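Open the model in the viewer and keep the selection panel at hand. The tour goes through ring pairs and then a charged patch.

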Amino acid sequence: MSNEDKSSENIKSCIILCGGKSSRMGQDKGSMIIQDKPMIKHILSTLNHHINEVIIVLNDQDRIARYGKFIDPEDYDYKLAFVEDEIKNKGPLPGIMTGLGEIGSDYALVLPCDSPYVSANYINTIFEEINENYQAIVPYHDESNKLKTSEPLHSIYNRNIIPVIEDLLNEDILHIKGLIEKIDSKFVFIDNKKIEKKEFRNLNRPTDI
């Protein structure tokens, strides 16, 4: 799949967040070996043939160098880039902002590096929900409280929200659901049919493995 001569409307982008401290796990999660390969490589393999570009956001140059030793961009049919988080140790919001500043499209799917169970079906389904009237496509679990039960780290965002994130960070508002409240968000129900609940299982602690 070539990325040449594609308009931004035809490019599917994904941002993978790997800038966390992994304090609960006790080691870097993205590089942890799960079923014989680093956790992040399960996600990268699933994205193959479904995405045009992937931006991996890491928290420093040392981690970028470490990931570069076991991730070969030639293994995938999309453009892959490593970028350093612009703002360190402030949670996922700066990572989303950093990634959105690097994409060649208008929208990007954001995923955490510790969700190896995301499927190709989910990737295709969530991209089908993109609507130019919305700045975010956000899956949720419970109709009675969409925001509280939403999955903001498995959502799609428009790069035009970068100024909103900057404003939140300047006010030291770091909760990602605070971002969803401020932008035009389209909520998509996780019905366990078209979108399955298992897609959102992540590995935070050794006992989760």
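Five aromatic pairs are present in this predicted model; rings of Phe, Tyr and Trp (its six-membered ring) pair if their centres lie within 6.5 Å. Select Tyr140 and Phe187: their ring centres are 6.1 Å apart and their planes at 80°, so the pair is edge-to-face (planes over 60 degrees apart; under 30 is stacked, the rest tilted). Tyr140 belongs to strand β7 (residues 136-140) and Phe187 to strand β9 (residues 185-189), 47 residues apart. Strands (E, at least two residues) and helices (H or I, at least four) are DSSP runs, numbered from the N terminus.

Now colour by accessibility. Tyr140 is buried at 4% relative accessibility, while Phe187 is partly exposed at 27%. Buried means under 20% relative accessible area, exposed over 50%, partly exposed in between (1.4 Å probe, protein chains only).

Tyr140 and Phe189 form a tilted pair, 5.5 Å centre to centre with 45° between the planes. Phe189 is partly exposed, at 38%. Ring pairs join Tyr140, Phe187 and Phe189 into a cluster.

Then select Glu86, Glu102, Glu166, Asp167 and Glu171, which form a negative surface patch. Patch residues have over 30% relative accessible area and no salt bridge, with like charges joined within 9 Å; a salt bridge is a side-chain nitrogen of Lys or Arg within 4 Å of a carboxyl oxygen of Asp or Glu. End on Glu171, in the loop between α5 (162-170) and α6 (176-182); Glu171 is exposed at 52%.

Residues are numbered from 1 along each chain as its sequence is written, and side-chain values use heavy atoms, without hydrogens and water. As the model is predicted, local features need pLDDT of at least 70 and side-chain atom pairs count only at pLDDT 80 or more, whereas totals for chains, interfaces and linings use all residues.

Methods:
Patch = residues over 30% accessible without salt bridge, like charges linked within 9 Å, V, L, I, M, F, W, Y side chains within 5 Å. Areas by Shrake-Rupley, 256 points an atom, 1.4 Å probe, with all protein chains shown as cover. Lys, Arg positive; Asp, Glu negative; His and termini not counted. Charge placed at Lys NZ, Arg CZ, Asp CG, Glu CD.
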